[in-house]
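Please keep the structure open while reading.

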Amino acid sequence: MSDFEKFRLSPEIMRALKEMKFEKPTEIQREALPIVFQGEDVIGQAQTGTGKTAVFGIYLLESVDANRREVQALVLAPTRELAVQITKEIRRIGKHTRVRILTIYGGQSINVQIDDLRRGTHIIVGTPGRILDHLKRGTLSLGSVKYVVVDEVDRMLDMGFIEDVEDILSHTQRERQTMMFSATVPKEVVELSKKYQKYPQFISVSKDEVTIKHIRHCFVEVDYKDRYRALYAYLRQRRPLRALIFCRTKLKVDSVADDLRKRGYRVGKLHGNLSQRMRDVMMAKFRSGEINLLVATDLASRGLDVVEISDVINFNLPEESNVYTHRVGRAGRMGRAGTAFSIVANDEMSLLGQIEKECGVHMDEDRLEVSRGYEHRKEHKR
């Protein structure tokens, strides 16, 4: 543990890191921890899976005063799933401390959250919409917040949350320390930083392409009607340990997941029509290994911190190259090897070439034996 000891962390945090088998800091941890402990504002260019949550998690746990029953730190996340993951990670790191962490997001009972807030908490992790809701109701005060983390800022931009983020920041004290993390740093992120950070230190350790360089990229070209045959051939012949299967639409997710289940696979599904409770259940089963296949829309392409994913399967190619990067970045986490397999219809080969060029990857053709006798139970027969 000597690599983490140089940060002079408390015995409680060191004990938890040892139990979590955090033996050597990742690059973002090595670069960012000394800077945030100096009280500097930070823009960190890093994706989920690089260890960035531990950066602000460790720092916030060491910085808040557990004897004060008030909110001292706020972490903003673009999605419910990411907010829940961040909370779990910080709780694991802070399990031997007295620091209380609360997650606030839409889809949960607001009355339960109000009761939790009344009991007192030190760190809040939440989504912008529900945080604003509590601020307007007067059930949450951010006047004592000294530390703010805005995670996946580029995703916040994509989802139209930046105005909400700015509104929330206006409720915090001006002398706060503000940390922003983003997979990419477009000019809008720079402008946000200019408005709400003081002389921020810029740390870039992992652009998108870095996180997919360890991955084997491969594809199979098929007639459109043979997509299901190709999927089943891959599952039979390659036997992935834990795989994410991406489809473009919720309807297709339902169809693929149902068909896999009928064939005896341990499979779940994830898309926006599921209740938050069902989404949480699916993710818990996927993490525990109760299911080893998860069929999803691009809701799952960002922010899912499941390190053990071995394969990402594109049942449908994404229409944009940056979505491909975020999808396949779920495999090969933290430097592990992984495979990204794409099922490509005959008329999509030009799209495949565009993705290769814009993502800077080369895709090998996978010589699957796609059996004609392995029929999909077509939904239109019902």
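Of the 382 residues in the chain, 57% are buried. The model is a predicted one. Its accessible surface comes to about 17100 Å², and carbon and sulfur atoms hold 46% of that area. Among contacts with a separation of 6 or more, 76% join residues 24 or more positions apart. The chain has 15 helices and 14 strands.

Seven of the strands make an open sheet with parallel pairing, in the order β3-β4-β2-β5-β6-β1-β7. At its edges stand β3 (101-104) and β7 (201-204); each has a single partner strand, so one side of each lacks a neighbour in the sheet. From one strand to the next, the twist averages 15 degrees. Within the sheet, β2 and β5 run parallel and are joined by four bridges. Val75 stands opposite Val149 in β5. The helix α5 packs on the sheet, where it touches β2, β3 and β4, and its direction makes about 175 degrees with that of β3.

The largest nonpolar core contains 40 residues, and those touching the most other members are Ile58, Leu60, Ile123 and Met179. At least two core residues come from each of several elements, including the helices α2 (11-19), α3 (27-37) and α5 (80-93) and the strands β2 (73-76), β4 (123-126), β5 (147-150) and β6 (177-182). The element that gives the most is α4, with seven residues.

What does Met179 touch, leaving aside residues up to four places away in sequence? Its contacts are Val36, Val42, Tyr59, Leu60, Tyr147, Val148, Val149, Val150 and Gln197.

Terms used: Residues are numbered from 1 along each chain as its sequence is written. This is a predicted model: local features need pLDDT of at least 70, side-chain atom pairs count only at pLDDT 80 or more; totals for chains, interfaces and linings use all residues. Side-chain values use heavy atoms; hydrogens and water are left out. Buried means under 20% relative accessible area, exposed over 50%, partly exposed in between (1.4 Å probe, protein chains only). Contact means heavy atoms within 4.5 Å. Accessible areas come from the Shrake-Rupley method with a 1.4 Å probe; for residues, only the protein chains shown count as cover. A nonpolar core is a set of buried Ala, Val, Leu, Ile, Met, Phe, Trp, Tyr and Cys residues joined through side-chain atoms within 4.5 Å. Two strands pair if DSSP finds at least two bridges between them. Axes are lines fitted to C-alpha atoms, for helices over the stretch in contact, and angles run from 0 to 180 degrees between N-to-C directions.
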